[in-house]
Amino acid sequence: MNFELSENQKMFRDMVRDFAKQEIAPIAHQMDEEGTMPDELITKMAANGFFGLSFPEQYGGLGVDTITYGLVIEELAKVSAGVCVMLTVHNSVGSYPLAMYGSEEAKEKYLPRMASGEIAAFCITEPGAGSDAANLTATATQDGDEYVLNGSKIFVTNGSRASFYVVMARTPGTTGHKDIHAFIIERGTSGLSVAKKEDKMGLRASDTVSIDLEDVRIPANNLLGNEGDGFKIAMSALDGGRIGIAFQSLGIGYACLAESVKYSKVREQFGKPLAKQPVIGGMIADMGCELDSARLLALQAAWLKDEGKPFTKQAAMAKVMASEAAGRAADRAVQIHGGYGYCKEFAVERYYRDVRVTRIYEGTSEIQRMVISRQVMNEY
Ligand SMILES: Cc1cc2nc3c(=O)[nH]c(=O)nc-3n(C[C@H](O)[C@H](O)[C@H](O)COP(=O)(O)OP(=O)(O)OC[C@H]3O[C@@H](n4cnc5c(N)ncnc54)[C@H](O)[C@@H]3O)c2cc1C
């Protein structure tokens, strides 16, 4: 067993760390305040290959392994979880369904554009279908060599600036997961419109919107996989996506740890720095223990995926453990900063808000525990 990262993985991580420090950190607070992300930043990230991280080089991607991908996500989350989620959704659930299940023609047409910075979004959630995603009601009706889609999707990350939408819809009149199909739709297709933008607690640099589909006509070739594969495609995309969310959580958690150590060394009470007070030291030790153990699970899940081995259980475990450890780390970080931790001048206030959603999206902690318990029950 070898716990060392390869030279390539370290080089990539360091490159992204430098980029994040120089280009993202100086504007992270402002993006959160204004609820925006500058186009210029997206252009710079695209020039560095960030939009084609995991899809094949033949389509303009970098084709990095999942561990490298996780390291990238972690470094971005340390400075801006909002920028991070835009990229992780694009690189996982937004583009993976096309890269894995798209026709050759669709891949050649769309993947190079995605790699060059045209953003992808993933649309499964609906007002009546959240955790129970198979309950979705958006419809897709075949009409000659086209499909016609109708329905509404909510909570679509990247929805207002995306060029591509992966959309799950079912044959009218059906229920359950078997008659769900997956499609890719280009922005500008008649009938697809961006509706409400959510005013969120955190991840404010990232846009989250509703999408309305009204008689949206798309070529039959934009079907991903075969008819009826939609739910399977969504679930396999989410399996990989959860590894990304685990690393995103870790990035936020380690940023909280770093800020806590820094602050506790300079803030003095009772005649000595907080860092020398045993109770504070214990809090820092707990943050380190919990984050490091969750990180091992996240790395294991990424490794299993790279080896082509089953990774559903480890991805779910990594997401639960990392998101919950990071949530506790953010809570402790605010506590260590005292009253200042409650004020926007200190980054921990933003981390505290940003981290909360990692226990909710791409499957809540409760849903992950259902996935894990099913697997564990079969094993023992
Ligand atoms: C910022 C943000 C970005 C998002 N981005 C996207 C995106 O890009 N694309 C997309 O499709 N979706 C996206 N989502 C949606 C997200 O995946 C859902 O919010 C999530 O899956 C939960 O669904 P829900 O909100 O409908 O909650 P519900 O399913 O209504 O759940 C409410 C609560 O009940 C619990 N619960 C539900 N069922 C059970 C059960 N059987 N046993 C125990 N507890 C249960 C849940 O865990 C939760 O605590 C996003 C959400 C947010 C907040």
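Me: How many residues does the largest nonpolar core have, and which of them have the most contacts inside it?

Reply: In this predicted model, the largest nonpolar core has 102 residues, and those with the most contacts inside it are Ile24, Met45, Leu76 and Met168. Helix H7, which spans residues 230-266, supplies the largest share of this core, namely 16 residues. Apart from it lies another core, of 20 residues, including Tyr147, Val156, Ala169 and Val216.

Me: With which residues is Met168 in contact, leaving aside its neighbours within four places in sequence?

Reply: Among them are Phe122, Cys123, Ile124, Leu136 and Ala138, and the list also includes Ile180, His181, Gly230 and Ala234.

Me: How should I read salt bridges, and how many does a search of the whole structure find?

Reply: Side chains of opposite charge can pair when their charged atoms come close. The search finds 25 salt bridges in the whole structure. In one of them, Lys44 pairs with Glu23, and the closest N and O atoms are 2.8 Å apart. Lys44 lies in helix H2 (residues 39-47) and Glu23 in helix H1, so this pair ties together parts that are 21 residues apart in sequence. Lys44 is partly exposed, at 31% relative accessibility, and Glu23 is partly exposed as well, at 25%.

Me: With which residue does Arg353 form a salt bridge, and is Arg353 buried or exposed?

Reply: Arg353 forms a salt bridge with Asp32, with 2.8 Å between the closest N and O atoms. Because Arg353 lies in helix H10 (residues 347-355) and Asp32 in helix H1, the pair ties together parts that are 321 residues apart in sequence. Arg353 is buried, with a relative accessible area of 12%, and Asp32 is buried too, at 5%. Arg353 also meets Glu349 in a salt bridge of 2.9 Å, N to O; these two are four residues apart in helix H10, and therefore separated by about one helical turn. Salt bridges that share partners join Asp32, Lys344, Glu349 and Arg353 into one network.

Key
Residues numbered from 1 in each chain as written. Predicted model: local features only at pLDDT ≥ 70, side-chain atom pairs only at ≥ 80, totals over all residues. Heavy atoms only, no water. Core = buried A, V, L, I, M, F, W, Y, C linked by side-chain atoms within 4.5 Å. Buried < 20%, exposed > 50% of the residue type's maximum accessible area, 1.4 Å probe, protein only. Contact = heavy atoms within 4.5 Å. Salt bridge = Lys/Arg side-chain N within 4 Å of Asp/Glu carboxyl O.
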